[in-house]
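Work through the exercises below with the model open. Each task is followed by a stepwise solution.

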Amino acid sequence: MNFYDSDKMTDLLKPHGYQLDDNEDDADLIVLNTCHIREKAVEKTYSELGRIRDKINTRKANTGKKSIVAVAGCVAQAQGKEIMKRSPWVDIVVGPQSYQNLPELIAKVDPINKNKNISIDFPTIPKFDQLNATIEERGPSAFLTIQEGCDKFCTFCVVPYTRGAEYSRPLTSIIGEAKKLVDVGVKEITLLGQNVNAWSSKGLDNENWGLGKLIDELAKINELKFIRYTTSHPLDMDIELIKSHRDNKKLMPYLHLPVQSGADNVLKMMNRKHTSKQYLKIIEKVREYNPKIAISGDFIVGFPGETEKDHLSTLNLIKQVNYAQAYSFKYSKRPGTPGSVFLNHVNEDIKNSRLYEVQELLRSQQLSFNKKTINTTMKVLVLKKGKKKNQYIGRSPFNQSVYFSPYANNENLIGSFLDLNITEAFQNSLKGNIIPNF
Ligand code: 5AD
Ligand code: SF4
């Protein structure tokens with residue numbers, strides 16, 4: 001979501017004379033967009049700000065020009081004024097729900113009077129209504145935020161406090177943005193939300209629509225070929241959405257469905273509101289409708305009170321699901337969340353060894369999922385050039401990176417769909433050959 005927000009900020013600032021630069025050394029404006037989801041986010045922000053201070057001081061000394069520094073994102077939201085106190089060279093602090101005000105905040109910065117601007121409110125007019133900027137070039141694949149915030153309040157998670165309450169963007173606003181993205185050459189859209197499958201809004205027929213119906217509506221946009229969504233909560237996985245995975249050919253066969261733990265007592269302490277059995281049932285249902293679907297997930301090891309037996313339950317659940325890919329993390333205390341004041345925190349060495357075991361198992365599952373694709377044919381969207389000469393990287397329907405080298409070296413393939421025959425599989429990628437179109 002931060003990538004999406006950064007793109008939006010870029011679009012927003014373009015009419016004000018700014019353009020994206022990959023070099024901070026001579027930038028008039030530096031925006032540090034931050035994430036607060038796991039540990040060390042705050043420390044990382046301050047150390048990054050220290051580095052930025054050196055850059056802007058050098059620029060000032062060499063050219064006499066003062067750069068404007070803005071901190072955006074969830075660390076900005078959580079830290080507020082503290083950032084200005086600890087890093088007085090910062091001019092603007094702007095939260096994830098108010099960055100639509102960035103041009104105005106920049107205009108108000110006064111380098112002589114050291115006028116500072118903080119905007120971390122949760123405004124009553126949702127930011128999307130004010131973000132009607134022209135969309136700039138995005139490449140063949142783009143994100144589109146359809147839902148923000150969360151009302152689930154898992155006890156480890158900071159999202160409900162930094163991104164606020166659950167909000168579903170209206171249907172017409174989403175369709176409008178999807179069409180704009182397609183107009184600038186986008187072929188694949190990933191719908192985003194902290195709880196994306198909780199999206200609901202009034203549909204074109206005035207009935208209440210869920211994510212499945214939204215995806216079906218978006219699939220009517222001709223030039224849009226691949227649709228994805230992330231991240232979902234098990235309890236919001238309704239039958240309509242599950243059916244879309246069978247019936248909607250533009251919806252990719254990939255589902256990221258975090259479970260966090262395989263132990264019911266831990267799930268309860270996490271306030272996940274589902275059991276491991278319920279989760280497994282949902283996976284079973286999804287596979288019934290689309291047997292080939294790649295399942296992904298998130299895991300937290302070492303949540304307060306997690307015992308060895310609980311850890312074994314997690315390993316057991318992983319074995320039952322057999323993931324194509326997954327993310328796993330050591331539990332980290334997030335300030336202000338209920339989990340941070342739980343008493344029985346797990347020792348760091350135990351967390352490390354549990355994480356290792358979870359990751360080893362997930363790694364082996366991912367490799368065998370990848371290996372199973374050898375000798376199959378996949379339609380791959382070409383995303384960019386690879387590091388090697390005459391090499392491209394694309395994405396498979398199952399969300400795998402696929403490397404290939406075209407036979408002829410003279411055409412730009414970025415943005416095209418190619419049928420690739422998979423010849424090799426690695427831990428995090430595949431290698432393929434183009435199947436010639438006779
Ligand atoms: N500690 C560790 N992992 C966390 N996540 C969220 N909060 C924490 C935390 N306090 C993980 C969850 C979530 C993913 C985005 O980040 O697994 O699904
Ligand atoms: Fe955080 Fe996801 Fe739980 Fe919401 S559902 S509180 S975003 S982990």
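**Exercise 1. Which polar backbone atom does a nitrogen atom of ligand 1 reach, and at what distance?**

Solution. Step 1: look for polar contacts, meaning pairs of N or O atoms within 3.5 Å; within protein, one must be able to donate a hydrogen and the other to accept it, and residues adjacent in sequence count only if both atoms are side-chain atoms. Step 2: read off the partner. A nitrogen atom of ligand 1 sits 2.7 Å from a polar backbone atom of S332. Ligand 1 taken alone exposes 400 Å², and the protein buries 87% of that. These accessible areas come from the Shrake-Rupley method with a 1.4 Å probe; for residues, only the protein chains shown count as cover.

Keep the ground rules in mind: this is a predicted model, where local features need pLDDT of at least 70, side-chain atom pairs count only at pLDDT 80 or more, and totals for chains, interfaces and linings use all residues. Residues are numbered from 1 along each chain as its sequence is written, chains are lettered from A and ligands numbered from 1 in the order in which they are written, and side-chain values use heavy atoms, with hydrogens and water left out.

**Exercise 2. Find the side chains that meet oxygen atoms of ligand 1, then describe the shell.**

Solution. Step 1: take Q260. An N or O atom in the side chain of Q260 is 2.7 Å from an oxygen atom of ligand 1. Step 2: take D298. Here the side-chain N or O atom is 2.6 Å from an oxygen atom of the ligand. Step 3: ask which elements give two or more residues to the shell. They are β13 (294-301) and β14 (325-330). Helices (H or I, at least four residues) and strands (E, at least two) are DSSP runs, numbered from the N terminus. Step 4: list the residues near ligand 1, that is, with a heavy atom within 4 Å of it. The list reads I37, R38, F156, Q260, D298, I300, F329, K330, Y331, S332 and R334. Step 5: sort by class. The shell has five nonpolar, two polar and four charged residues. For this sorting, Ala, Val, Leu, Ile, Met, Phe, Trp, Tyr, Cys and Pro count as nonpolar, Asp, Glu, Lys and Arg as charged, and the others, Gly among them, as polar.

**Exercise 3. Describe the shell around ligand 2 by class.**

Solution. Step 1: collect the surrounding residues. They are C150, K152, F153, C154, F156, C157, V159, P160, N195, H233 and R272. Step 2: sort them. Seven are nonpolar, two polar and two charged.

**Exercise 4. Is H274 buried or exposed?**

Solution. Step 1: locate H274. It lies in the loop between α10 (264-269) and α11 (276-289). Step 2: apply the cut-offs. Buried means under 20% relative accessible area, exposed over 50%, partly exposed in between (1.4 Å probe, protein chains only). Step 3: classify. H274 is buried because its relative accessible area is 5%. Step 4: list contacts, defined as heavy atoms within 4.5 Å. Not counting residues up to four places away in sequence, H274 touches H233, P234, L235, V259, L267 and Y279.

**Exercise 5. Find the backbone exceptions.**

Solution. Most residues other than glycine have a negative phi, and most peptide bonds are trans. Step 2: check omega. T230 and T231 are joined by a cis peptide bond, with omega about 0°. T231 is in the loop between β11 (226-230) and α9 (239-247). Step 3: check phi. N271, not a glycine, has a positive phi of about 60°. N271 is in the loop between α10 and α11 and is partly exposed at 28% relative accessible area. N375 also has a positive phi, near 70°. N375 sits in the loop between α13 and β15 (377-385), and counts as exposed at 63% relative accessibility.
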